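Hi,

Here is the structure I promised to send over. Have a look at it first, and then read my notes below.

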Amino acid sequence: MSNIIELRNIVKEYGSGDEKVRILKGISLDVAKGDFVAIVGPSGSGKSTLMNTIGLLDSPNEGTYTLDGVATEKLSDNQLAEVRNRKLGFIFQQFNLLPRLSALENVELPLVYAGLGKQERRERALAMLQSLGMEHRIHHKPNQLSGGQQQRVAIARALAVQPALLLADEPTGALDSRTGAEVMELMVRLNEQGNTVVLITHDNHIAANAKRVVSIRDGLIVDDRRNAALPEASGEAVTV
Ligand SMILES: Nc1ncnc2c1ncn2[C@@H]1O[C@H](COP(=O)(O)OP(=O)(O)OP(=O)(O)O)[C@@H](O)[C@H]1O
Ligand SMILES: [Mg+2]
């Protein structure tokens with residue numbers, strides 16, 4: 001299987017001069033297409049910093065990053081934005097939906113940037129919302145939706161561009177345990193349907209849903225293991 005992510009010796013520092021702090025201290029990581037990887041670690045260990053690197057939201061100070069065959073360190077900011085829009089789908093703890101737009105319009109938005117025509121955007125967005133059980137809420141604004149429903153809209157938005165990689169940073173962090181478990185079941189299903197997923201969490205129970213768990217501490221990978229065979233569709237691994 002080919003790799004969607006190839007990180008080599010990634011170093012990320014914040015600040016300058018005496019104030020300089022090294023957050024990522026040399027991270028090398030390959031992720032195969034079709035895999036479901038959880039990145040776990042305590043608060044402040046550098047998980048979101050790593051996610052921002054993988055998501056092309058922030059550039060490392062050192063190291064190389066090849067995403068789906070593209071050597072990203074050679075790209076301009078505009079090219080990075082284009083690769084980001086084309087290849088990546090993001091899911092965040094706080095959903096990050098636009099409050100003035102309906103569920104449908106939120107899902108359509110990345111398709112505007114992707115250059116799809118009006119009709120195609122609407123059809124694709126409707127299909128995505130439908131597949132996530134949200135067809136009865138398409139005209140609701142985010143504040144008229146529950147947290148779990150908002151996250152479903154955010155997931156539909158992330159998937160609408162048919163990304164090569166789905167990146168989720170604490171996607172259940174703002175949800176109650178039952179709704180969080182439902183969202184995790186959804187992530188497992190999306191992976192079974194062929195989506196490559198990288199999930200960031202501080203919660204080992206959440207990580208148990210992934211096929212592979214990479215642990216980071218203090219800016220370094222300290223453990224990397226495959227989960228033993230997951231209970232088949234029993235949802236037993238899903239606790240929040
Ligand atoms: N823009 C920034 N400027 C300076 N320091 C930063 C910046 N962003 C993050 N840091 C620092 O980098 C370290 C790692 O932060 P990061 O957000 O990656 O942690 P995390 O593992 O995601 O934690 P959490 O589980 O709390 O989300 C922290 O000590 C944080 O203070
Ligand atoms: Mg974080």
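**How the helices pack**

Let's start with helix α3 (residues 103-113), which packs against α5 at an angle of about 25°, the two axes being 8 Å apart. That angle makes α3 roughly parallel to α5, given that anything under 35 degrees counts as roughly parallel. The crossing of these two, α3 and α5, is right-handed. Keep in mind throughout that this is a predicted model.

Helix α5 itself covers residues 147-160, and it turns up in two other pairings. One is with helix α6 (residues 177-192): the axes of α5 and α6 come within 10 Å and cross at roughly 20°. So α5 and α6 are roughly parallel to each other too, and their crossing is right-handed.

The other pairing is with helix α4 (residues 118-131), where the angle to α5 is about 135° and the axes are 9 Å apart. What do we call that arrangement of α4 and α5? Roughly antiparallel would need an angle over 145 degrees, so α4 and α5 are oblique to each other. Once again the crossing, here of α4 and α5, is right-handed.

**Around the ligand**

Which residues surround ligand 1? There is a run from Pro 42 through Ser 43, Gly 44, Ser 45, Gly 46, Lys 47 and Ser 48 to Thr 49, and Tyr 14 and Ile 23 join in as well. By type, the shell around ligand 1 splits into six polar residues, three nonpolar and one charged. Helix α1 (residues 47-54) supplies the largest share of that shell, with three residues.

- Ser 43: an N or O atom of its side chain is 2.6 Å from an oxygen atom of ligand 1.
- Gly 44: here a polar backbone atom sits 2.8 Å from an oxygen atom of ligand 1.
- Ser 45: a backbone N or O atom is 3.2 Å from an oxygen atom of ligand 1.

As for how much of the ligand is covered, ligand 1 taken alone exposes 630 Å², and the protein buries 54% of that.

Cheers

Key: Residues are numbered from 1 along each chain as its sequence is written. Chains are lettered from A and ligands numbered from 1 in the order in which they are written. This is a predicted model: local features need pLDDT of at least 70, side-chain atom pairs count only at pLDDT 80 or more; totals for chains, interfaces and linings use all residues. Side-chain values use heavy atoms; hydrogens and water are left out. A residue is near a molecule or strand if one of its heavy atoms lies within 4 Å of it. A polar contact is a pair of N or O atoms within 3.5 Å; within protein, one must be able to donate a hydrogen and the other to accept it, and residues adjacent in sequence count only if both atoms are side-chain atoms. Accessible areas come from the Shrake-Rupley method with a 1.4 Å probe; for residues, only the protein chains shown count as cover. Helices (H or I, at least four residues) and strands (E, at least two) are DSSP runs, numbered from the N terminus. Ala, Val, Leu, Ile, Met, Phe, Trp, Tyr, Cys and Pro count as nonpolar, Asp, Glu, Lys and Arg as charged, and the others, Gly among them, as polar. Axes are lines fitted to C-alpha atoms, for helices over the stretch in contact, and angles run from 0 to 180 degrees between N-to-C directions. Angles under 35 degrees count as roughly parallel, over 145 as roughly antiparallel, 65 to 115 as roughly perpendicular and the rest as oblique. A crossing is left-handed if the near helix is turned anticlockwise from the far one by less than a right angle, and right-handed if clockwise.
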